[in-house]
Each structure stands twice: as structure tokens, then as C-alpha cells.
Amino acid sequence: MEVSHPGKVGGPDTRMIFLVSLATGQTLGGMAPVAIDDNLEHIDEWLRHHAPAAFADLGPPAGPDHIAALESTIGLHLHPDVTALLRWHNGSGRHDRGFPLSPGFPINDTAQIAETWQRLATLATQVRDDEGMQGWWEPTWIPVASDYTGFELVVDHVTGEVFHFDLTEGRSRRRPSWSDLTTIVSEIATTLQSGSRFAGLAPVVDEDGYLDWG
């Protein structure tokens with residue numbers, strides 16, 4: 001398969017755990033989310049020109065009804081950056097070659113997030129009394145991307161931190177983590193525009209026009 005490395009181009013009710021003021025953008029943890037819209041637009045532009053298949057598969061923006069339905073399911077207000085991500089595109093397309101938010105992890109749409117969250121919340125209830133399983137899954141972890149093999153990329157809706165989750169160990173200590181979603185998006189946009197590396201990997205576009213990291 002031919003590939004290219006493009007260069008630079010111009011417990012208690014969980015509803016009470018994380019509350020966002022839409023007026024101020026502040027959270028209970030004192031976080032002030034940084035706007036990520038510009039970097040998402042940069043990614044859009046890069047994909048349009050260099051990875052057209054990945055761009056074509058991106059979902060349309062999530063509407064208010066999609067966001068409201070998801071928040072109703074998880075019992076939380078979404079972190080503003082997660083909302084921005086979904087309003088950019090509601091998922092990467094329902095297959096494992098969609099645009100990856102982390103290498104190998106296409107973005108979930110709102111329905112996929114709800115389905116995955118419900119499944120993991122149910123599993124957590126079933127294993128909560130098992131020795132060594134405490135903290136395996138938390139209801140404030142929202143799975144924003146998946147590798148379709150049981151690994152998830154989650155946003156902790158208490159701290160804003162982003163990390164990988166797997167069914168065996170819970171929070172993965174072997175895979176990278178980030179302080180917030182804004183940081184990931186910024187790093188991806190910079191990498192695509194400069195031809196540098198993200199999580200130690202370079203952007204690769206295959207012969208079909210899909211983005212991968214290698």
C-alpha cells in the first residue's frame with residue numbers, strides 16, 4: 001500500500017458532580033476551557049486537502065437535540081470542549097478508519113458515546129464488589145473515541161483530563177494521557193500543519209485517502 005507523509009499547509013447523583021455555567025464557561029473545578037474551534041477548523045482544512053476520504057466520512061455537526069439526549073443518558077452536562085468537538089463533527093464515521101482523535105481511536109458520535117457509557121456503567125455495577133475492581137470505571141468518564149476492540153479514549157468530567165481505558169486494567173497507564181481535550185486538538189492541528197509528530201507518531205495518508213499515524 002502506498003502512503004504519503006504530507007508536509008505543511010496553510011456515588012451521589014452524578015448530575016451534581018460536574019456542573020458547567022454556560023454564562024461563564026467555568027466548572028466547579030475552576031477550569032476555564034480554552035476555545036478549540038480554531039484548531040478544529042484547521043484540522044478540517046487539512047483533511048479536506050490531504051485525507052479526503054477521512055474528511056468525507058466525518059459526521060455532520062451534532063445538533064442541540066443530540067447533545068441533550070446524550071446529557072440525559074449520562075446524567076451530566078458535557079464538558080464544553082466535548083460539546084465543541086461534537087458540534088464540529090458528530091463522530092468520525094462508524095468504522096475504524098475514521099479520523100482518529102488519538103492514534104487508532106476514531107471519534108464516537110453521540111449515540112456511540114451513550115451506548116458505550118451505558119455498557120461500561122452496567123459492567124462497573126456488576127464488578128463493583130470484586131476485589132481489585134474499585135475505580136475500574138467511573139460514571140464521570142465519557143468515552144469520546146474508540147478503537148473498536150474494547151479500548152476507549154475518555155474525558156474525565158471532574159478534572160477534564162483525557163486518557164485511555166481498557167476492559168482489563170481500567171485506566172491505562174501504558175498509553176498517553178493529556179491534561180484536556182483542547183491540548184489534544186491543538187497538538188493534532190500543529191502536527192498536521194507542520195509535519196511533526198503527535199504521541200511520537202507522524203501523520204500518514206494511505207492510498208485510499210484515510211489518515212493514520214505511523
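Trainee: Let's start with the sheet. In what order do the four strands come?
Mentor: Bear in mind that this is a predicted model. The order is S4-S5-S6-S7, in an open sheet with antiparallel pairing.

Trainee: And which strands stand at the edges?
Mentor: S4 and S7, the latter being residues 170–171. Each has a single partner strand, so one side of each is left without a neighbour in the sheet.

Trainee: OK, on to S5. How many of its five residues are buried?
Mentor: Five of the five, across residues 152–156, so S5 is largely enclosed by the rest of the structure.

Trainee: Which residues sit on which side there?
Mentor: Glu152, Val154 and Asp156 are on one side, with Leu153 and Val155 on the other. Both faces are covered, and these residues are all buried.

Trainee: How many bridges does S5 make with S4?
Mentor: Five, with S4 covering residues 141–146 and the two strands pairing in the antiparallel sense. If you want to click on something, Ile142 stands opposite Val155, and Pro143 stands opposite Val154.

Trainee: What about S5 and S6, how many bridges there?
Mentor: Four, and those two run antiparallel as well, with S6 at residues 162–166. Val155 turns up again here: its bridge partner in S6 is Val162.

Trainee: Now the turns. Which residue takes a positive phi in the hairpin of S4 and S5?
Mentor: Tyr148, with phi near 65°. That hairpin has five residues between the strands.

Trainee: And in the hairpin that S5 and S6 form?
Mentor: There are five residues between the strands there, and Gly160 in the turn has a positive phi of about 85°.

Trainee: Switching topic: where does H5 lie relative to the strands?
Mentor: H5 lies across S4, S5 and S6, and it runs at about 125° to S4.

Trainee: I've also got Thr110 highlighted. Which helix is that in?
Mentor: Thr110 lies in H5, which spans residues 110–127.

Trainee: Buried or exposed?
Mentor: Thr110 counts as buried, because its relative accessibility is 7% and the cut-off for buried is under 20%.

Trainee: So what is Thr110 in contact with, leaving aside its neighbours within four places in sequence?
Mentor: Ala62, His66, Leu70, Leu86 and Asn90.

Key: Residues are numbered from 1 along each chain as its sequence is written. This is a predicted model: local features need pLDDT of at least 70, side-chain atom pairs count only at pLDDT 80 or more; totals for chains, interfaces and linings use all residues. Side-chain values use heavy atoms; hydrogens and water are left out. Buried means under 20% relative accessible area, exposed over 50%, partly exposed in between (1.4 Å probe, protein chains only). Two strands pair if DSSP finds at least two bridges between them. Contact means heavy atoms within 4.5 Å. Axes are lines fitted to C-alpha atoms, for helices over the stretch in contact, and angles run from 0 to 180 degrees between N-to-C directions.
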